[in-house]
Amino acid sequence: MRKKIWRAGAALLLCGCVRVPEPLKQTFTLELGADVYGNPRLYVEDKEADLSEIDVVVHTPGVTKKNNRFVTTGSDFLAVGEYDFALAHNNTQVPFKVKIKDTLAPVPTKNVDRLEVAMGAPLNWAEIFEATDLSGVYYEGPEAANFDRGETPVKVRIYDRFGNSVYKDVVIEVS
């Protein structure tokens, strides 16, 4: 009986069988723009496991691996969405998901708190605040200085397509 167990164990060692470890989580949630690397060590629970023959593979169309990072084709990062990945070795795969969210508001690169304009002059908030955001930037505020002469406080909403917003107060002085 011992001989059979030993032989079975030896056969197991000789076949080079690799157990694909379990992922640390079923879903990894990351912020838009975060790097999603192809290193299996980042996704496994057992940090001591031998991962030399384990790969991270993606099963979602439109995603490619570029410099050991997964990116949406034609981009430098993964777009907002949920992606199907797996830890893989030969024909064995253990699935997990990566969810990319955008929870950050646009960042204005100019801080304007006062603006002098002529009566009826158009207000281009994109030029005034020059905000940046990976999801695009939109502005909500008056389109023209159609106020009485003098000072009028205005609140401008700067937001992205996922509704993340920042508000800027500006005093418009109409001459």
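A residue is called buried when its relative accessible area is under 20%, exposed when it is over 50%, and partly exposed in between (1.4 Å probe, protein chains only). The structure is a predicted model, in which local features need pLDDT of at least 70 and side-chain atom pairs count only at pLDDT 80 or more, while totals for chains, interfaces and linings use all residues. Residues are numbered from 1 along each chain as its sequence is written, and side-chain values use heavy atoms, with hydrogens and water left out.

**Exercise 1. State how confident the predictor is in the protein chain.**

Step 1. The scale is pLDDT, the predictor's confidence in each residue, from 0 to 100. The protein chain has a mean pLDDT of 90, and 90% of its residues reach 70 or more.

Step 2. Over residues 1-14, pLDDT stays under 50. For this stretch the model has one contact (heavy atoms within 4.5 Å) beyond four places in sequence.

**Exercise 2. Classify the aromatic pair of Phe28 and Tyr43, then that of Phe85 and Phe96.**

Step 1. Rings of Phe, Tyr and Trp (its six-membered ring) pair if their centres lie within 6.5 Å; planes under 30 degrees apart count as stacked, over 60 as edge-to-face and the rest as tilted.

Step 2. Phe28 and Tyr43 have ring centres 5.2 Å apart and planes at 90°, so their pair is edge-to-face. The pair links distant parts of the chain, 15 residues apart: Phe28 lies in strand β1 (residues 27-31) and Tyr43 in the loop between β1 and β2 (55-58). Phe28 is buried because its relative accessible area is 8%, and Tyr43 is buried because its value is 7%.

Step 3. Phe85 and Phe96 form a stacked pair, with 5.8 Å from centre to centre and 15° between the planes. Here too distant parts of the chain are linked, 11 residues apart: Phe85 in strand β5 (residues 81-89) and Phe96 in strand β6 (residues 92-101). Phe85 is buried at a relative accessible area of 1%, and Phe96 is buried at 2%.

Step 4. Ring pairs join Phe28, Tyr43, Phe70, Phe85 and Phe96 into a cluster.

**Exercise 3. Locate Ala145 and list residues that it touches.**

Step 1. Ala145 is in the loop between β10 (138-140) and β11. Its relative accessibility is 0%, so Ala145 counts as buried.

Step 2. Not counting residues up to four places away in sequence, Ala145 touches several residues, including Val117, Met119, Leu123, Ile172 and Val174.

Step 3. Ala145 and Glu173 are 28 residues apart in sequence, and their C-alpha atoms are 8.8 Å apart in space.

Key: Helix = DSSP H or I, 4+ residues; strand = E, 2+ residues; numbered from the N terminus.
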